[in-house]
Amino acid sequence: MLISQLAVGYEFINYYRREQDRHWKGNRHTEVFNRFCELVVTHYRESRETQFYAEKMHHTPKYFSRVIRTATGGTSPAEWIEQYVITQAKRLIETNRAHSVKEIAYMLRFTESTSFYCYFHCATGLTAKQYRDRVVNL
């Protein structure tokens, strides 16, 4: 499972670096963005807050958000974090069919399963159960 997670993390970083390259705005912004991607892969279960990542990089949240938006052509750090968390959630739903959605919410360290349900539904337009049912029926 760790190897799978590392593969998804590597894939995430490469995808977003390619995306970021399309909007390249300078070396410092690139460094901050690349470090941010690495931190998201490492800490996405620990925190989904922009402030957490800004503090890890010793920046104010406002400056950090501005740098990430500039480096990526307008996408906020919160959107990058959400995309990665949802990618991981989908992977867990697809590969851990024996686990309930509640257990997957716990794996992703959501304090309440209802928080995960809302988070997933808002990001995908589907409930986690609907997503699982669609994947099973493919």
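## Salt bridges

Glu31 and Arg28 join their side chains in a salt bridge, with N and O 3.5 Å apart; the term covers a side-chain nitrogen of Lys or Arg within 4 Å of a carboxyl oxygen of Asp or Glu. This is a predicted model, where local features need pLDDT of at least 70 and side-chain atom pairs need pLDDT 80 or more, while totals for chains, interfaces and linings use all residues. Residues are numbered from 1 along each chain as its sequence is written, and side-chain values use heavy atoms, leaving out hydrogens and water.

Glu31 and Arg28 sit 3 residues apart in helix 2, so about one helical turn separates them. Each is partly exposed: Glu31 has a relative accessible area of 42%, and Arg28 has 42%. (Buried means under 20% relative accessible area, exposed means over 50%, and partly exposed is in between, using a 1.4 Å probe and protein chains only.)

How many salt bridges does the whole structure have? A search finds 3. Another one pairs Arg35 with Glu38, whose closest N and O atoms are 3.7 Å apart; both lie in helix 2, 3 residues apart, about one turn. Then there's Lys129 with Asp133, at 3.2 Å from N to O. These two are 4 residues apart in helix 8, again about one helical turn. Lys129 is exposed at 54% relative accessibility, whereas Asp133 is partly exposed at 33%.

## The overall fold

The chain has 8 helices and 0 strands. Both kinds of element are DSSP runs numbered from the N terminus: helices are H or I with at least four residues, and strands are E with at least two. Of the 138 residues in the chain, 45% are buried.

Contacts here are heavy atoms within 4.5 Å. Among those with a separation of 6 or more, 61% join residues 24 or more positions apart.

## The nonpolar core

In soluble globular proteins, nonpolar side chains tend to be buried together. A nonpolar core is a set of buried Ala, Val, Leu, Ile, Met, Phe, Trp, Tyr and Cys residues joined through side-chain atoms within 4.5 Å. The largest one here has 37 residues, and Phe36, Tyr53, Phe64, Leu108, Phe116 and Phe120 touch the most other members. Helices 2 (27-43), 3 (50-56), 4 (61-72), 5 (77-95), 6 (101-107), 7 (113-124) and 8 each supply at least two residues of this core. Helix 5 gives the largest share, 8 residues.

Take Phe120: beyond its neighbours within four places in sequence, its contacts include Ile86, Ala89, Ile93, Leu126 and Tyr131.

Arg132 belongs to helix 8 (residues 128-136). Arg132 is buried but has no salt bridge, and the nearest side chain of opposite charge, Asp133, is 6.7 Å away. (Lys and Arg count as positive, Asp and Glu as negative, and His and the chain ends are not counted.) What does the side chain of Arg132 reach? The backbone oxygen of His99, at 2.9 Å.

Arg45 is in the loop between helix 2 and helix 3. Arg45 is also buried without a salt bridge, with Glu46 the nearest opposite charge at 10 Å. The Arg45 side chain makes a polar contact with the Tyr44 side chain (3.0 Å) and reaches the backbone oxygen of Met107 at 3.4 Å. A polar contact is a pair of N or O atoms within 3.5 Å; within protein, one must be able to donate a hydrogen and the other to accept it, and residues adjacent in sequence count only if both atoms are side-chain atoms.

Technical notes. Lys, Arg positive; Asp, Glu negative; His and termini not counted.
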